[in-house]
Amino acid sequence: MGRRIVPLTLDNLADLPSTCRSCVFWELDPVSGRAAVESGKPELEKEGWISAVLLEWGSCGRVVYVDDRPAGFVLYAPPAYVPRAQSFPTSPVSSDAVQLMVSRVLPGFQRQGIGRVLVQTVAKDLLGRGFRAIEAFGAVGRQPVSCVLPAEHLLAVGFKTVRPHHRYPRLRLEARTTLSWRGDVEGALERLLGGGRKEPALRPF
């Protein structure tokens, strides 16, 4: 079995589930987001956003493949590229951090450490680009918006709360702390290769 983690580009955007390719929750402000959905063109807006970030900042995502099958992905960017973040009560994201927007792992590969693999991959990328940390807005309690990651999952992969809130705390992971995860990540990849296969569906981490 072969596994690889590659940057997200317009060439492999089609490997993301259709619901994610058409989601512009983070990429647009609330008004523009509603307009994109109502016009029936959210996929074009998503492509345009990824293209702009690639040109101006560089890679803004990673995709995990196992035997050339997508197993999970992550999207991240500096806060200036994430308009929706400004509407959260615990904003803004720190100036030395990049925002983790969304991360998903397919059910056939869940509970095998792949969420942590994705986070470490992002951290290593950011360290080489002058950023110190990853921050994310977590959801506490019942959450109808699937694009906001559950706070409990963020805590499970090493994030710490830096600004508490009863619904949307902001959490942070110092990028350098992930350097000690190497053994855990290698073990996760080994478990990934032996993981069972199920019908694709999405759940956080």
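## A first look at this predicted chain

Among the elements of the protein chain, strand 6 (residues 160-163) has the highest mean pLDDT, 98, while strand 8 (residues 203-204) has the lowest, 45. Here pLDDT is the predictor's confidence in each residue, from 0 to 100. Over residues 193-205 the pLDDT is below 50, and this stretch has 45 contacts in the model beyond near neighbours in sequence. A contact means heavy atoms within 4.5 Å. For the protein chain, the mean pLDDT is 85, and 84% of the residues reach 70 or more.

A word on the ground rules. This is a predicted model, where local features need pLDDT of at least 70 and side-chain atom pairs count only at pLDDT 80 or more, while totals for chains, interfaces and linings use all residues. Residues are numbered from 1 along each chain as its sequence is written, and side-chain values use heavy atoms, with hydrogens and water left out.

**The overall layout**

The protein chain has six helices and eight strands, and along the sequence they come in the order β-α-α-α-β-β-β-α-β-α-β-β-α-β. Helices (H or I, at least four residues) and strands (E, at least two) are DSSP runs, numbered from the N terminus. Of the contacts with a separation of 6 or more, 73% are between residues 24 or more positions apart. Of the 205 residues, 49% are buried; buried means under 20% relative accessible area, exposed over 50%, and partly exposed in between (1.4 Å probe, protein chains only).

**Helix 4**

Helix 4 covers residues 114-127, which makes 14 residues. From first C-alpha to last it reaches 20 Å, close to the 20 Å expected at 1.5 Å a residue; that expected span is 1.5 Å times one less than the number of residues. Eleven of its 14 residues are buried, so helix 4 is largely enclosed by the rest of the structure. Among the buried ones are Val117, Thr121 and Asp125.

Arginine 62 is in strand 2 and, at 12% relative accessibility, counts as buried.

| Residue | Partner | Distance |
|---|---|---|
| arginine 62 | serine 59 | 2.5 Å |
| arginine 62 | tyrosine 76 | 3.2 Å |
| serine 32 | aspartate 29 | 2.9 Å |

Serine 32 sits in helix 2 (residues 30-39) and is partly exposed, at 31% relative accessibility.

Most residues other than glycine have a negative phi, and most peptide bonds are trans. Aspartate 67 has a positive phi of about 50°, and aspartate 68 has one of about 65°. Aspartate 67 is in the loop between strand 2 (61-66) and strand 3, and aspartate 68 is found in the loop between strand 2 and strand 3 too. Aspartate 67 is partly exposed at 34% relative accessibility, whereas aspartate 68 is exposed at 59%.

There's also a cis peptide bond from serine 91 to proline 92, with omega near 10°. Proline 92 lies in the loop between strand 3 (69-77) and strand 4 (97-105).

Notes
Polar contact = N/O pair within 3.5 Å; in protein donor to acceptor, adjacent residues only side chain to side chain.
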